[in-house]
Amino acid sequence: MTKTVVLGDEYDDALRRRTFVVLRRLGAEIAGGDWALAGSQEVETVRVRLNGAELTVEAETYVGLSLTGPADVEDGVAAAVRAAG
C-alpha cells in the first residue's frame, strides 16, 4: 500500500536538509529527480531507493514537502524526520 504524508512547508530549507540527512543515514540512494514550473506552481521531485523500496520526496508550491512510498517504509522515515527536528 502506497502512502503520502506532507512533512511541512515546501520552502522550509531546514526541513528539506533534515529529510535528506535522515534518508542518507538510513541508507537511501538517490534514483533520480525532476523539476518543473507551470505558472505559479513549482515542483521538485527526488526519487530514492531505501531497503528495496522506492520513495518520492516532492516539494510543491502550495502543497508542501511530501514523502510517498510503501506505507511501512514511509511511516518509519517520516517518524525519523520528525524525531530529528
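Reader: Start with strand 3 and strand 4. In which sense do they pair, and over how many bridges?
Author: Strand 3 and strand 4 are antiparallel, with eight bridges between them. Bear in mind that this is a predicted model.

Reader: OK, zoom out. How many strands are in the sheet, and in what order?
Author: Five strands make an open sheet, and the order is 1-5-4-3-2. The pairing is antiparallel.

Reader: Which ones are at the edges?
Author: Strand 1, residues 2-8, and strand 2, residues 29-38; each of these pairs on one side only. On average, neighbouring strands in this sheet are turned by 15 degrees against each other, ignoring direction.

Reader: And over how many bridges does strand 2 pair with strand 3?
Author: Nine bridges, in the antiparallel sense. Strand 3 covers residues 41-50. As examples of partners, Trp35 is bridged to Glu44 in strand 3, and Ala36 to Val43 in strand 3.

Reader: Which residue has a positive phi in that hairpin?
Author: Gly39, with a phi near 65 degrees. The hairpin of strand 2 and strand 3 has two residues between the strands.

Reader: Then its side chain. Which residue does Glu44 form a salt bridge with?
Author: Arg16, where the closest N and O atoms are 2.7 Å apart. This pair links distant parts of the chain, since Glu44 is in strand 3 and Arg16 is in helix 1, 28 residues apart.

Reader: Where does helix 1 sit?
Author: Helix 1, residues 13-25, lies across strand 1, strand 3, strand 4 and strand 5. Its direction is at about 170 degrees to strand 4.

Reader: And helix 2, which strands does that lie across?
Author: Strand 1, strand 3, strand 4 and strand 5. Helix 2 spans residues 71-84 and runs at about 145 degrees to strand 5.

Reader: Back to salt bridges. How many are there in the whole structure?
Author: Four. One of them joins the side chains of Glu74 and Lys3, at 3.9 Å from N to O. Glu74 belongs to helix 2 and Lys3 to strand 1, so this pair ties together parts that are 71 residues apart in sequence.

Reader: Why would side chains like that pair at all?
Author: Side chains of opposite charge can pair when their charged atoms come close.

Reader: Is Glu74 buried or exposed?
Author: Glu74 counts as buried because its relative accessibility is 1%, and the cut-off for buried is under 20%. Lys3, on the other hand, is partly exposed at 34%.

Reader: What does Glu74 touch?
Author: Leaving out residues up to four places away in sequence, Glu74 touches Lys3, Val5, Leu55, Leu67 and Gly69. There is also a network of salt bridges that links Lys3, Glu74 and Asp75.

Reader: Which residue does Asp34 form a salt bridge with?
Author: Arg47, with the closest N and O atoms 3.1 Å apart. Asp34 is in strand 2 and Arg47 in strand 3, so the pair ties together parts 13 residues apart in sequence. Asp34 is partly exposed at 49%, and Arg47 is partly exposed at 25%.

Reader: Last topic, Asp9. Where is that?
Author: In the loop between strand 1 and helix 1. Asp9 is partly exposed, with 39% relative accessibility.

Reader: What does Asp9 touch?
Author: Leu15, Gly64 and Leu65, if residues up to four places away in sequence are not counted. The side chains of Asp9 and Tyr11 are joined by a polar contact of 3.1 Å.

Reader: How far is Asp9 from Glu60?
Author: Their C-alpha atoms are separated by 8.9 Å, while the two residues are 51 apart along the chain.

How values were computed: Residues numbered from 1 in each chain as written. Predicted model: local features only at pLDDT ≥ 70, side-chain atom pairs only at ≥ 80, totals over all residues. Heavy atoms only, no water. Pairing = 2+ DSSP bridges. Helix = DSSP H or I, 4+ residues; strand = E, 2+ residues; numbered from the N terminus. Axes fitted to C-alpha atoms, helices over the stretch in contact; angles between N-to-C directions. Contact = heavy atoms within 4.5 Å. Buried < 20%, exposed > 50% of the residue type's maximum accessible area, 1.4 Å probe, protein only. Polar contact = N/O pair within 3.5 Å; in protein donor to acceptor, adjacent residues only side chain to side chain.
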